[in-house]
Amino acid sequence: MTAALGSPGIGRFGDFGGRYVPEALIPALEQLDEVRRKALVDPEFVGELDRLHRTYTGRPSILTEVPRFAEHCAGARVLLKREDLNHTGSHKINNVLGQALLAKRMGKRRVIAETGAGQHGVATATAAALLGLDCVVYMGKVDTERQALNVARMRLLGAEVIAVTNGSQTLKDAVNEALRDWVANVDDTHYVLGTVTGPYPFPEMVRDFHRIIGVEARAQVLDLVGRLPDAVIACVGGGSNAMGIFHRFLDDASVRLVGVEAGGDGVETGRHAARFSGGSRGVLHGAATYVLQDDDGQTIESHSVSAGLDYPSVGPEHAHLFETGRAEYRSATDAEAMEAFRLLSRTEGILPAIESAHALAGAMVLGQELGPDAVLLVSLSGRGDKDVHTAARWFGLLGDDEGGMP
Amino acid sequence: MTSTTPSAGSSALAACREEGRAALIGYLPVGFPTLAGSLEAIAAIVEGGVDIVEVGVPYSDPLMDGPVIQRATETALAAGMTVDDVFTAVAASVAAGAPAYVMSYWNLILRRGVDRFAADLAAAGGSGVITPDLIPDEASEWLEAARRHDLDPVFLVAPSSTTERLSVATAACRGFVYAASTMGVTGTRASVGDAAADVVARTRAVTDLPVCVGLGVSNRAQAAEVARYADGVIVGSALVRALDEGGPSAVGRLAAELAAGVREGRG
Ligand SMILES: Cc1ncc(COP(=O)(O)O)c(C=O)c1O
């Protein structure tokens, strides 16, 4: 079903985006837009963010060629953009440092965030500690249980973690609760939204803070291979690591942009987070985009082994890239992603985040399709330390018997 | 604005103004605790004295609502409420003698089809729609449908609204303007606070439409206080709680108390 979504107005990517929020938040969104536009051309802001990238995050992140893993991608050349090596263990820090600096500029003393896997919450707690801001992180109760280690990390960093017990008790409910907090405390609080969705200017702003991933990677691939990659592959939860790595390649028509959504138990089972094959046009969390919803427009709960991809909606710019055909979206099931997780660990000594393992699963399929001459650039958005418990359970490595990955 | 015939809701507000008092607007979510239970509750609050009913549509992601309404809407959804039931509730309110506005998050309207939603609401006798997560800037399709079907689009203003935003919101409203009393979500509060009177005064400076105040009003004294400066007093969470705890008779009694309150305001 294709619904008309509204007029092209402020902050649209084609039909998608916009500001579907209570009027009470509009002044804060307008202030944020003005401050971030000025900041992006202010040498002092740009210089400070650049200094933090180099001396705190560890940028530029390196490119790693993975030939032993590539044997499972039909011999295509596979290059990993190592966002997993960033401080705090994922790409999320790129966006958070930018937004935390903006919060300071706006004179806000408190930041709030939602988190699913906990990586965005950890990054926000980290930036808050670094810059002396109070920090509250909302996390669905289900996620606090499956990512317990990250809850402890956030608390060690001085953040208050609030377990959300409404609705499905996962990421979407954490976003609802963060938005409620923001409406009530907008005077002194900035909402550090963790991905490329939400009301404008968040989708564009978060993308711009992650754009550095693709800017670095494009130059690194040219340097190493002497040509552009055939495909750029990234997992898509809300879609921030994907927009970050895609954006610099948008004008390179020869480069295929491939987003991999969470297929959960399989799209045909209904238990998944594949918004582009199982969802439809709608509005959620402030943006017109693709949403998993029933015939009445009630949100359908998503399912994935990966907490960071377990979200029923997706950033509006991805919806636009999907409908225009500039990017393609596929899905990898839990089992396919876990197989890719196992393979990268065993062949290259790199434990990927389960989110990123979905992109690796996508690379295995694309390698088959494109053959050994292809060059595949994969966003390794995070490291798997947070997922050790989930993966060990998946592979049966806990308990008395020795076990072992098959 | 090229307003045609005033809606029933608009006429009810005008009649209250004639009487020299604020209107009482009571919110209840359709389908809570069941569809039949919600229809009974609507009849009870009309009997108790609400002038206008605000029929809430339960939504899976109610980001403007506090815990009381969240729980009620979760119950309604679990019990199988559908958007079709909304029109049944609207018709029931009108049959009981009170004009009805629907309060709905935008995705539910979008999903049904904006024009179809408007047509169904008009057929049920509804007066308009309050849209908590739709700002006029995104509402061109809805504004056209509302005009076509002679429904009142009601947008919100808030204490944070600048003069420019107040102008944008009120220019798009028909029937009345919904002024949020505080920065926050629905829920009962110990006091309504000074921000409400201020936002009403600033809204009146840019529009002649009635200005109704919602969020936080829970008892007779608060209703009287808000009725001193507003054209309508909107009560939600307190009614939902009364319904939850004491059923239709309790919610009817609270409506009667609140109706007495709005008559004391400018006594
Ligand atoms: C390592 C990692 N990758 C990807 C994601 C998904 O987010 P996005 O799609 O915004 O990149 C997450 C979210 O928690 C994450 O932790």
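**Cavities and their linings**

Modeller: The largest cavity has a lining of 33 residues, and A:H91, A:K92, A:G194, A:G308 and A:E355 are those nearest its centre. A cavity here is a set of points, on a 1 Å grid over the protein atoms alone, where a 1.4 Å probe fits but cannot get out, and lining residues have an atom within 4 Å of a point. This is a predicted model, in which local features need pLDDT of at least 70, side-chain atom pairs count only at pLDDT 80 or more, and totals for chains, interfaces and linings use all residues. Residues are numbered from 1 along each chain as its sequence is written, chains are lettered from A in the order in which they are written, and side-chain values use heavy atoms, without hydrogens or water.

Biologist: Which domains does the lining of the largest cavity draw on?

Modeller: Domain 1 (12–53 + 91–206) and domain 2 (59–89 + 211–394) of chain A each supply at least three residues to that lining; the bounds come from an automatic or database domain assignment.

Biologist: How many of its lining residues are nonpolar, polar and charged?

Modeller: Eight are nonpolar, 20 polar and five charged.

Biologist: What about the second largest cavity: how much space lies in it?

Modeller: About 210 Å³, the volume being the space filled by probe spheres set on the points. Its lining has 23 residues, with B:E54, B:I69, B:Y178, B:T186 and B:L215 closest to the centre.

Biologist: And how does that lining divide?

Modeller: Into 14 nonpolar, seven polar and two charged residues.

Methods
On a 1 Å grid over the protein atoms alone, a cavity is a set of points where a 1.4 Å probe fits but cannot get out, and a pocket is an open set with protein on both sides within 12 Å along at least five of seven lines; lining residues have an atom within 4 Å of a point. Ala, Val, Leu, Ile, Met, Phe, Trp, Tyr, Cys and Pro count as nonpolar, Asp, Glu, Lys and Arg as charged, and the others, Gly among them, as polar.
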